[in-house]
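Thanks for asking me to look this one over.

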Amino acid sequence: MRRLVSDDAWIAAMVDVELALVQAQARLGIVPASAAQGIARAVRTYRFDADALAQAARGAANPVVVFVAELHRVVAAVDPAAADYVHRGSTSQDILDTATMLIAARAVTAIIDDLDGVIDALARLARAHRDTPIAGRTLGMHAVPTTFGAKVAVWMQGLLDARDRLNQVAASGLPVQLGGAAGTYASYVECARISDSDLATAASEEIYERLTTEFATELALTAAPVPWQTVRTPIADLATALAVTSGALGKFAVDVITQSRTEIAEVFEPAAAGRGESSAMPQKRNPVLATLIRSAAVQVPALASILLGAMLAEDERPAGAWHAEWQPLRECLLLVGGSAHTAVELAEGLTADGARMKSNLATTQGQVLAERLALRLAPLLGKEAAKKVLQVAAFEAQQSGRSFSEVLAEDSAVRTHLSEQEITELLRPETYLGAAAAFVDRVLNRL
């Protein structure tokens, strides 16, 4: 991911954009075919100096101005005639925004590939533990029984939703940017007007349609219906999809961290040499993969909020808002990419201890089924009376160390309606799992 979003990658993307533009113009006859060939030949082996460009870019507050000057110099040294067609009709934002969409497309593809790996691994885990009972927890406390398969299916549901959003962004939400200096397309129209192509007499709308479509096809991106230089929806949509993905991965991670606790010990991260070590405590095996994923999930929403704030782009090009997007977007891609890649290893190697889950489920000696008894007794005793009876019994069981069923069986109001055998049967966790298994199947059916 670092390679995909590095300074060199961004420069390479800007080269790709400039080449795609001149090639699209050449195919439409707006510039000579020889110009496109000369530019392509000149940049084929040239390596731009990222540090030098970065330092020089301070003069224009964006890297494209000095990049284009360098590009023009490089082409002129090889083919002086072709150099006149470098950056033909374009403006800085056209090049950098489109390069950003290229970078995003490559990074999002890698993230989706890793999400596929996470989802596939979790699907195997969900199938294996479709019916394994476990204590459901709300506000950190035992609530009612569920299955570990259903818990895994919840992780999968979030990740599948995130993957759908990323796929939608990749399919139609990464448009090229061609608008010219103020988004009117006047420079591109003028270039077509003074050319020998059939677009010389075409309507300006047709020039936009044909050149933008050709340009987008060259880069495998989407053709925007109109320029979007100050309507930052593509960036905002991308940021939102990345934040959702980070959150879905984070949900997986925080549950693994909780279930890895010493006193719970229901799941274990895959072991590896040196992994999970403490500098001070030799016995520790920390859930470090989940920790890394959670760390990313904490950071990404804040970075995404900067990208959403940058939608406040004044006039036809903002001073500062556009510039503020670049680094947070790169960090979002890095963090989500790293998180997704780490999650593959975590999901593929995660070990579940069904016996420990069963033991933990029995910790409260039946109290985890109190809801079920409340539903059964409410029509018989009245809702409030039933709740009071069960609360008293639960507190008595906790204080005395006796089972919930034993205490309930001594309550005359309960025994009037339920036998000891019926109470015991109603407090069996595996018989109060609702549609948990069916929900696992439904999520698996989304694959």
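This is a predicted model: local features need pLDDT of at least 70, side-chain atom pairs count only at pLDDT 80 or more; totals for chains, interfaces and linings use all residues.

1. I would start with the largest nonpolar core, which has 128 residues. The residues with the most contacts inside this core are F67, L122, F148, M156, F215, L242 and F252. Helix α6, residues 92–128, is the element that gives the most to the core, with 20 residues. Apart from this core lies another one of 22 residues, and L373, A394, L418 and I423 are among them. As general background, nonpolar side chains in soluble globular proteins tend to be buried together.

2. Which residues is M156 in contact with, once its neighbours within four places in sequence are left aside? They are I119, L122, A123 and A126, together with V443, L444 and L447.

3. Helix α6 also holds D97. Is D97 buried or exposed? Its relative accessible area is 2%, and the cut-off for buried is under 20%, so D97 counts as buried. Leaving aside neighbours within four places in sequence, the contacts of D97 are Q177, W228, Q229, R232 and W322.

4. Next, the pair α8 and α9. Helix α8 covers residues 186–193 and helix α9 covers residues 204–219. Their axes are 10 Å apart and the packing angle is about 95°. Angles of 65 to 115 degrees count as roughly perpendicular, and α8 and α9 therefore fall in that class. On the α8 side the contact is made by Y188, V189, A192 and R193, while α9 brings S204, I207 and L211. By type, the residues of this contact are five nonpolar, one polar and one charged.

5. Staying with α8, its buried residues are Y188, V189, C191 and A192. Viewed down the helix axis they fall within an arc of 160°, so they line one face of α8. The elements they pack against are α1, α6 and α9.

6. In general, an α-helix has 3.6 residues a turn, so residues three or four places apart point the same way.

7. A83 lies in helix α5, residues 80–83. With a relative accessible area of 2%, A83 is buried. H72, V75 and A76 are in contact with A83 when its neighbours within four places in sequence are left aside. A83 and A35 are 48 residues apart in sequence, and their C-alpha atoms are 7.5 Å apart in space.

8. A271 sits in the loop between β3 (267–268) and α11 (288–309), and at 64% relative accessibility A271 counts as exposed. From A271 to P227 is 44 residues in sequence and 51 Å in space, C-alpha to C-alpha. Q168 belongs to helix α7, residues 148–172, and is exposed with a relative accessible area of 55%. Q168 and S197 are 29 residues apart along the chain, with 36 Å between their C-alpha atoms.

9. Finally, two backbone angles to check. Most residues other than glycine have a negative phi. D315, although not a glycine, has a positive phi of about 55°. D315 lies in the loop between α11 and α12 (321–349) and counts as exposed at 60% relative accessibility. Q365 also has a positive phi, near 50°. The place of Q365 is the loop between α13 (354–361) and α14 (370–381), and at 37% relative accessibility Q365 counts as partly exposed.

Terms used
Residues are numbered from 1 along each chain as its sequence is written. Side-chain values use heavy atoms; hydrogens and water are left out. A nonpolar core is a set of buried Ala, Val, Leu, Ile, Met, Phe, Trp, Tyr and Cys residues joined through side-chain atoms within 4.5 Å. Buried means under 20% relative accessible area, exposed over 50%, partly exposed in between (1.4 Å probe, protein chains only). Helices (H or I, at least four residues) and strands (E, at least two) are DSSP runs, numbered from the N terminus. Contact means heavy atoms within 4.5 Å. Axes are lines fitted to C-alpha atoms, for helices over the stretch in contact, and angles run from 0 to 180 degrees between N-to-C directions. Angles under 35 degrees count as roughly parallel, over 145 as roughly antiparallel, 65 to 115 as roughly perpendicular and the rest as oblique. Ala, Val, Leu, Ile, Met, Phe, Trp, Tyr, Cys and Pro count as nonpolar, Asp, Glu, Lys and Arg as charged, and the others, Gly among them, as polar. The arc is that of the directions from the helix axis to the C-beta atoms.
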